[in-house]
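Trainee: I'm new to this structure and would like to learn how to read it. Could you take me through a few features, one at a time?

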Amino acid sequence: MTLLKVDELQVIVRGGMAVDGVSLTLGQGEVLALMGESGAGKSLTAAAIVGLLPPGSRMKGGIIAFKGKRIDQSNRAGWRKLRGKHICAVFQDPYGALDPLQTIGVQLTQTLRTHQPQLTRALLRDRVAEWLEAVSLSADRASAYPHELSGGMRQRVALALAMAPGPEILIADEPAAALDMPLRAQLAGLMRRLAQAQNTSVLLISHDIRTALAAADRVAVMYAGRVLETGPAAAVLQSPRHPYVAGLIASMPGLAERKHRLPVVSGRMPLPGTAPRGCVFRQSCHNASDQCRAERPAQPASGAACFHPLPELADAGIRA
Ligand code: SF4
């Protein structure tokens, strides 16, 4: 079942088109990683989905639907209801989700009590301990204040706070970006396990290919406000068809065994409102043709938005 459907989303930032025609679906229990460089439009896409677009930006077109019902025109009360229970979010900076003046035990208790008011005090205590354990923290951490925990621990507490209400969708915007590489993979794996246990769907925003690999079923790769390639995570990451996606993967040394080098991306991503006519990647693409300069390739439901996609690799990870 499709829980979330984003169709032809457009977001404008200070007059420039920062998200231009993005379409995505998120199925029940699925983990979709929305990947791309900083400024590609992935965080704005996520912010539009939860109705939290930053000042200076607005949705210009498209539809966002949750369980078949349009939510992008919700009023403040509608968003509050959706965000509190059905769609929860965890962001890069866990301090945004944590109250520095309350212990994490108190914060977890308040969250659980809001969504399960029938729980007795003893049961609440048990649930707090269970949630701490679920995010690999000992129960005695309940008495700790956020500043007494490491960055990785704080991010795990933020994850527990987001997952405790039992949301149907978790939006995770670069939750591991501030952590060391081993901790990133750990957090991504933990998030996937928790989501699977609760049948929660996850939209994971990440610029880190390894994090996406560790957590996602499917990936969608953005560039200059467009989705350039989408499909099953293993297929896209091992045998990318879009020249930009192939270059992005090539820039990650040691990601896969390769006999030959993949083409590395050169040039800069166009800023919002400055994308060229035709394909948004054409100024950096070695394969650009007259068609690429004249027309913009449409985003397919699965595959590469490219007039001349790279051939599928028989031996994944190897490109001549
Ligand atoms: S559409 Fe053309 S310019 Fe764009 S990525 Fe494909 S080959 Fe390159």
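Trainee: Which residue of β8 stands opposite Ile 169?

Mentor: Strands of a sheet pair through backbone hydrogen bonds, either parallel or antiparallel. Here, Ile 169 faces Ser 201 in β8, and Ile 171 stands opposite Leu 203. Strands β7 (residues 169–173) and β8 (residues 201–206) are parallel partners over five bridges. Two strands pair if DSSP finds at least two bridges between them. Strands (E, at least two residues) and helices (H or I, at least four) are DSSP runs, numbered from the N terminus.

Before we go on, two notes. This is a predicted model, where local features need pLDDT of at least 70 and side-chain atom pairs count only at pLDDT 80 or more, while totals for chains, interfaces and linings use all residues. Residues are numbered from 1 along each chain as its sequence is written.

Trainee: How many bridges join β6 to β7?

Mentor: Four, and β6 and β7 run parallel. One example is Cys 88, whose bridge partner in β7 is Leu 170.

Trainee: What is the strand order of the open sheet of seven strands?

Mentor: The order is β6-β7-β8-β3-β9-β10-β11, and the pairing is mixed. At the edges stand β6 (87–90) and β11 (303–304); each has a single partner strand, so one side of each lacks a neighbour in the sheet.

Trainee: Are the residues of β7 buried or exposed?

Mentor: A residue is buried if 20 or more other C-beta atoms lie within 10 Å of its own, exposed if 12 or fewer, and partly exposed in between, with C-beta atoms placed from the backbone. In β7, five of its five residues are buried. Ile 169, Ile 171 and Asp 173 lie on one side, Leu 170 and Ala 172 on the other, and both faces are covered.

Trainee: What about Asn 199, buried or exposed?

Mentor: Asn 199 is exposed, because 10 other C-beta atoms lie within 10 Å. Asn 199 sits in the loop between α6 (181–198) and β8. Leaving aside residues up to four places away in sequence, Asn 199 touches Gln 28 and Gly 29; contact means C-beta atoms, placed from the backbone, within 7 Å.

Trainee: What order do the strands take in the open sheet of four?

Mentor: They run β2-β1-β4-β5, with antiparallel pairing. The edge strands, β2 (16–27) and β5 (69–70), each pair on one side only. Strand β1 (residues 2–13) is joined to β4 (residues 57–66) by eight bridges, and Leu 4 has Phe 66 in β4 as its bridge partner.

Trainee: Which helix lies across β1, β2 and β4?

Mentor: That is α1 (residues 42–49), at about 120 degrees to β1. Such axes are lines fitted to C-alpha atoms, for helices over the stretch in contact, and angles run from 0 to 180 degrees between N-to-C directions. Eight of the eight residues of α1 are buried, including Leu 44 and Ile 49. Just after α1, Gly 51 has a positive phi of about 65 degrees.

Trainee: Which residues are around the ligand?

Mentor: Among them are Cys 279, Cys 285, Cys 292, Cys 306 and His 308. A residue is near a molecule if its C-beta atom, placed from the backbone, lies within 6 Å of it.

Trainee: And how many helices and strands does the protein chain have?

Mentor: The protein chain has 10 helices and 11 strands. Of its 320 residues, 43% are buried.

Note on methods:
Contact = placed C-beta atoms within 7 Å.
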